[in-house]
Amino acid sequence: MTAANPPRGKGPLARREARLAWGLLAPTIISVAAVVILPLLAVFWISFKPVTLADLRPPTPLVRESLRGGPKAPGDAGQIEYRIRNSSQDKPILNVTLTDEIPEGVEVGELDPRCALEGRRLSCRLGDFEGGQSERLRLPVTLTEAYFASGADIRASAPVVTGESVNVLTSGEFTLENFRAVFDSREFIDVLYATTFYTVFGTIGAIVVGLFAALLLNHAFRGKGILRGLYLFPYVAPVIAVAFTWVTLFDPFSGSVNALLVQMGVVETPINFFGQRPLALVMVTVFEIWRYFPLSFLFILARMQSIGAEMYEAAEMDGASPFQQFRWISLPMLMGILSVLFLLRFIWTFNKFDDIFLLTGGNAGTRTLTVDVYEQAFAVSNIGAGAAVAVVIFCVLLVFSIFFLKYVSREEGL
Amino acid sequence: MRALRFGFVAGPLIGVFWVMVAATTVAVVMSFATGGAFRPSLTLAAVWGALLWPASWREAGRAGPAVAAALMAAATLAGLGPVVIGNGVGTGARAVAALGLGAGAALPLGWMLAGLGRGALSRHAFEAAVIRFLTATGHVIFAAIVAIPFYVMVMTSLKSQQALLANPLDFSLDLDKGWGVFRSYVELFRDFNFGRYLWTSFYVSVLTVIITLLVSIPGAYAVARLRFTGRTLFSRSILLIYMVPMIVLALPIYIAFSMTGLRNTISGLILIYPVTTIPVALYMLQGYFRGLPAEVEEAGLMDGLTRLQVIWKITLPLSLPALASVALYVFMIAWNEFLLAFMLLDDPAKFTLTRGVAMLNSSEVPRQHLMAGAVIATVPIMLLFLGLERFMTKGLTAGSVKG
């Protein structure tokens, strides 16, 4: 008797199902690859490139055409002048060419040796242009009867110039200068410190405040729904609105908080909350806690409400006090969600850019790694250095992602 | 801790702390409401807190706290309460502050200390009283930190620059101006093109929602229902995308858009926005699809529907609530998006609302315009949120895997 073997490999139905699945996933995969994977690879590439903001505008040859010598009547001689220049002051353009259409009735005299005329089509090979170089190309012409009769204009057809410029982004030139610029600067230690402070305290703070808020709303009372909605406001409102509100609120000259503190006699002179070290870093962290506690609140509340009442009743019978019940029942039950929240919030606080950028612009010791990307790339116009910081961020995130895959995806049941 | 567990220790102590909280709250609220000089006196608050303790005794009866509240209000009017009121404050505001303080300090304290007694306390009774104190304080603090910024945002937008600089605390409205209080809004819509920004933000968000749903529904269905190699890996790694900070991606996107001429175009924005929301939408939807009974779909397959017909005729109608949540959540993300709009748009004719508000943050534009812009950006999303809170909260919970 032969043993019953399960069929090996995939049957046609399974293959069809898999094909359909990939078909359904294709738009997602393609779009994510185009907007996430490709840019990530590009960041690595750019970080080894000496590229600045100015390099994004490649040098182009520019041309202006004019008719000189003032020919007014048939038979008059004149010149067509092409003034060609390199738009960039320091980068060369290779193999510049010019083509133009000469109107009917214009007789062309002696041609420049670099030019050729085929029918009415003029084409010139002008060679290489250094940075800042400009040149006048003159073409002696005689205007005939036909030209004036047709009412044509020399400039009716715009001349076309082309040229090849060396683009730093695609050239074979590489450098480690970007990384040196990032690591060498004394600011980098500051940046790492600000990032760590912001991430650690922002994460813990948001979770603790969220836990407290959840404890407040973890029993039924009238108006609970309204309060729950209200507590979500900071998270739901656009970051730009709340960040500017905070800046207005804490303004040293016209801010209400300073006015309040002075009036209540807490401080003598107004405090520049977002403008001085180390207060600014504390303030952006407080903002982070304020804006993201609703998220932990929502999660923790949902988890709390799924803890059965029997356990508390039993503990009550055994004489456990309210704090003991919290310590020995609620907290252990919440540990799972708290650790997931911690990991998630940690990563996202680390990644946060908008909040600090809007509150302080990264000044007064609040420049985190993500803000540094922007500062290097756009404020200092050194895109390469910005990309180098981005690579540093990415490496840190690789470490996080190991934790993420190990713990979060298990908790989330993926 | 043990030394605290006596009624004559815990009662006055909680009283002291609570009156301090109440006095500070009343002073802050009245300052913000009237701009007048209200100032909590912590010494007087401590004295009053201890004095209020007897009002909670059983002998004082139910009327105890009410009498205490009346006494405290009267004392405050006489200048002996825990809130010191400046000379310039009008009688009406004084009366409101005194009544608010009396009621806000004495009545909740009566509730906190109810049944506490004067002698030794059980741990249970003691902690219950502490928790009641913490609960009341917590509600006050949370209400303050959430409400004050939004209150200041709205009120600042209705004031004039001079009034703000003269007294930053005075948020009382000058109602004589009538419709004139809305001047900032009128100017934003008339001179700063905000009507157009609203419309741009709206259609960009709606298009983002549509494209996101079109792409993520089939993807989510595939991950939730179909068997293929790499399914687990895919569903795990899709969320890894949110570990990459947007600013890291924005840099190459900026370069690519600069070189291809997509920068400064709305279509460029619409190319990018959906991709930032597709993974989270896919994640939310696949979770929901998994929860639907597969038998219904299998019945449909048996009856001769193709997979795509099953999705269209069975799965989607069953998941309308989830679709609403996802759509709202995606709409919120697109509406609030700032970084990409800020980096990719330079032309004021093409701004989205958030980019338009960012433009107002300059020294040449008065503060109240900036705040009015913030209100315009916030109100639509708040209305959506309040109107559809159930869906929105579900979306927030399910979508919180995105930062």
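A residue is called buried when its relative accessible area is under 20%, exposed when that area is over 50%, and partly exposed in between, with a 1.4 Å probe and protein chains only. By this criterion Ala364(A) is buried, with a relative accessible area of 18%. The structure is a predicted model, in which local features need pLDDT of at least 70 and side-chain atom pairs count only at pLDDT 80 or more, while totals for chains, interfaces and linings use all residues. Residues are numbered from 1 along each chain as its sequence is written, chains are lettered from A and ligands numbered from 1 in the order in which they are written, and side-chain values use heavy atoms, with hydrogens and water left out.

Ala364(A) belongs to the loop between helix 11 and helix 12 of chain A; helices (H or I, at least four residues) and strands (E, at least two) are DSSP runs, numbered from the N terminus. Its phi is near 55°, a positive value in a residue other than glycine. The loop between helix 11 (354-359) and helix 12 (369-379) of chain A also holds Thr366(A). Thr366(A) is buried, at a relative accessible area of 0%. A polar contact (a pair of N or O atoms within 3.5 Å; within protein, one must be able to donate a hydrogen and the other to accept it, and residues adjacent in sequence count only if both atoms are side-chain atoms) joins the side chain of Thr366(A) to the side chain of Thr360(A), at 2.6 Å.

Further backbone features occur in chain A. Ser381(A), although not a glycine, has a positive phi of about 55°. This residue is placed in the loop between helix 12 and helix 13 (383-411) of chain A, and at 27% relative accessibility Ser381(A) counts as partly exposed. The peptide bond from Arg277(A) to Pro278(A) is cis, with omega near -10°. Pro278(A) is found in the loop between helix 7 (256-263) and helix 8 (279-305) of chain A.

The domain assignment of chain A, with bounds from an automatic or database domain assignment, gives domain 1 (61-165) and domain 2 (185-381). The centres of domain 1 of chain A and domain 2 of chain A, taken over C-alpha atoms, are separated by 66 Å. In UniProt, whose positions are given in the numbering used here, with shortened feature names and annotations that may be inferred rather than shown by experiment, the annotation "domain: ABC transmembrane type-1" (unreviewed entry) covers residues 192-404 of chain A. Over residues 192-404 of chain A, the chain is 76% helix and 0% strand, and the end C-alpha atoms are 22 Å apart.

For "transmembrane region" (unreviewed entry), the segments that UniProt lists in chain A include residues 20-48 and 328-348. Residues 20-48 of chain A are 97% helix and 0% strand, with end C-alpha atoms 41 Å apart.

In chain B, UniProt places the feature "domain: ABC transmembrane type-1" (unreviewed entry) at residues 198-388. That span of chain B is 78% helix and 0% strand, and its end C-alpha atoms lie 21 Å apart. Met332(B) is placed in helix 14 (residues 320-336) of chain B and counts as buried at 4% relative accessibility. The C-alpha atoms of Met332(B) and Ser267(B), 65 residues apart along the chain, are separated by 19 Å. Phe385(B), in helix 17 of chain B, counts as buried at 0% relative accessibility. A distance of 22 Å separates the C-alpha atoms of Phe385(B) and Ile211(B), which are 174 residues apart along the chain.

The structure holds 7 cavities of 30 Å³ or more. On a 1 Å grid over the protein atoms alone, a cavity is a set of points where a 1.4 Å probe fits but cannot get out, and lining residues have an atom within 4 Å of a point. Grid points are joined across faces, edges and corners, and a volume is the space filled by probe spheres set on the points. The second largest cavity has about 80 Å³ of space. Its lining includes Lys177(B), Arg183(B), Glu187(B) and His369(B). The elements that give two or more residues to this lining are helix 7 (183-191) and helix 17 (367-387) of chain B, and the largest share, 3 residues, comes from helix 7 of chain B. The lining of the second largest cavity draws at least three residues from each of domain 1 (2-166) and domain 2 (186-399) of chain B.

Conventions: On a 1 Å grid over the protein atoms alone, a cavity is a set of points where a 1.4 Å probe fits but cannot get out, and a pocket is an open set with protein on both sides within 12 Å along at least five of seven lines; lining residues have an atom within 4 Å of a point.
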